[in-house]
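Q: I have the sequence and the model open, and I would like to learn how to read the side chains. Could you walk me through a few features?

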Amino acid sequence: MSEPGFGVYVHWPFCAAKCPYCDFNSHVRHKGVDQGRYLAAFRREIAHMAALAPGRKVASVFFGGGTPSLMTPETVGGILDAIGAAWEVEPNAEITLEANPTSVEAERFRGYRAAGVNRVSLGVQALNAADLANLGRMHTVEEALAAVELAMSIFPRASFDLIYARPGQSPAAWRKELSQAIERAPEHLSLYQLTIEEGTPFHALYRAGKLKTPDEETSRALWDVTQETTERAGMPAYEISNHARPGAESRHNLVYWRYGEYAGVGPGAHGRLLVDDLRRELSTERNPELWAAAVEADGHGLVIDEPLSVEAQADEFLLMGLRLAEGIDLARFHRLSGRRLDPRRIDDLTMDGMVERVGRDRLRVTREGFPVLDAVVADLAG
């Protein structure tokens, strides 16, 4: 099994508009954003993270958000230059940027490629006009498909996201839409079931009875359609919500799921770094202006920087690793936690068809277990 490698996550917190389902750390600034100020702050925080974790080799960089495609190519290039000055970047490092497929942002693709981005992830979310409008998306189906085509012509690698289990969506309609997506998909799809997150406009509508999501039976049918359709097309799930042709998996996300080490920079970013042989949890100030002011004053915007307990590491390892189709290395769990998973719990879950052993040293969740992954993990962690 490949080593997780070291990754850098860059959080750009600004959006043109806030989608009604989104609970990410994203902010709308109608008066514009001083990109020069934020670039300078990113440079300083990157230098601080490199001082905490020197000598790493960067295997992946991921620009997430927010809407990173609101950055100019010059800002992206400046951040990548700062990362390259702070650490050695592997020659074949994966450099991903999330983008919204509006016409204006798509025009920047060539600039991002010249800056060093070699993979783009497009937030398409739906391939019909009514659902795009209901999801608060600012692009049309035509713009989305044009952006996918343009991305494939410019970047060596590309992916896009879709949200399913939308209000009123039937399994037959989803099968048709997903098949259309696969025809357009270059190598990778992220397919997320719609979740109603507290504090979002969708949550308020749901509580008021004005937004109805598919019932449990329909949700399971939509899940089954997702697995069957992607597997038939040669893009099976390698993680609970991510599908790829063999070799096209997101290397950056595998750093997280394989419980690797990563630096998080920018407002509201999270990281996990080994500092003096202790795995530390790091989080930065969420408000963009407060974060920038903190970096200008102190060189970083950290609000949490503390060692993780052995128990917390074991829980994180299980939670992240069991999302993967490859499962977890039981010997590594033992090294992290100092204990072994209860063989009786494993046997019970195996009898129920929720997990299975792979050889002597690995454990993975089955296809039947993935729809109830949280319960499986809780049972194992017990």
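Q: Which charged end sits over the ring of Y259?
A: A charge sits over a ring if NZ of Lys or CZ of Arg is within 6 Å of the ring centre and within 35 degrees of the ring normal. Here the residue is R279, whose charged end lies over the Y259 ring at 3.7 Å from its centre. Before we go on: this is a predicted model, where local features need pLDDT of at least 70 and side-chain atom pairs count only at pLDDT 80 or more, while totals for chains, interfaces and linings use all residues. Residues are numbered from 1 along each chain as its sequence is written, and side-chain values use heavy atoms, with hydrogens and water left out.

Q: How many aromatic pairs does a search of the whole structure find?
A: Rings of Phe, Tyr and Trp (its six-membered ring) pair if their centres lie within 6.5 Å; planes under 30 degrees apart are stacked, over 60 edge-to-face, and the rest tilted. The search gives 15 such pairs. In one of them, W12 and F14, the ring centres are 5.3 Å apart and the planes meet at 70°, so this pair is edge-to-face. For Y164 and W174, the centres are 4.9 Å apart with planes at 10°, so that pair is stacked.

Q: Where do Y164 and W174 lie?
A: Helices (H or I, at least four residues) and strands (E, at least two) are DSSP runs, numbered from the N terminus. Y164 belongs to strand β7 (residues 157-164) and W174 to helix α7, so their pairing ties together parts 10 residues apart in sequence.

Q: Are W12 and F14 buried or exposed?
A: Buried means under 20% relative accessible area, exposed over 50%, and partly exposed in between (1.4 Å probe, protein chains only). W12 has 1% relative accessibility, so it counts as buried; F14, at 3%, is buried too. Y164 and W174 are also buried.

Q: Which residues form one aromatic cluster?
A: That cluster consists of W12, F14, Y38, F42 and W291.

Q: What is A181 in contact with, leaving aside its neighbours within four places in sequence?
A: Contact means heavy atoms within 4.5 Å. With those neighbours set aside, A181 touches L127, F160 and L162. A181 sits in helix α7 (residues 171-184), and its relative accessible area is 0%, so it is buried. L127 is 54 residues away along the chain, yet the two C-alpha atoms are separated by 7.8 Å.

Q: How many salt bridges does the count come to?
A: A salt bridge is a side-chain nitrogen of Lys or Arg within 4 Å of a carboxyl oxygen of Asp or Glu. The count is 20. One of them joins E261 and R56, at 2.7 Å from N to O. E261 is in strand β11 (residues 261-265) and R56 in the loop between α1 (35-52) and β4 (57-65), so this pair ties together parts 205 residues apart in sequence. E261 is buried at 11% relative accessibility, and R56 is buried at 19%.

Q: Which residue forms a salt bridge with E368?
A: The partner is R220, with the closest N and O atoms 3.0 Å apart. This pair links distant parts of the chain, 148 residues apart: E368 in the loop between β17 (362-365) and α15 (373-381), and R220 in helix α9 (residues 216-232). E368 is partly exposed at 45%, as is R220 at 28%.

Q: Which residues are linked in a network of salt bridges?
A: Look for D342, R344, R345 and D379, which are linked in this way.
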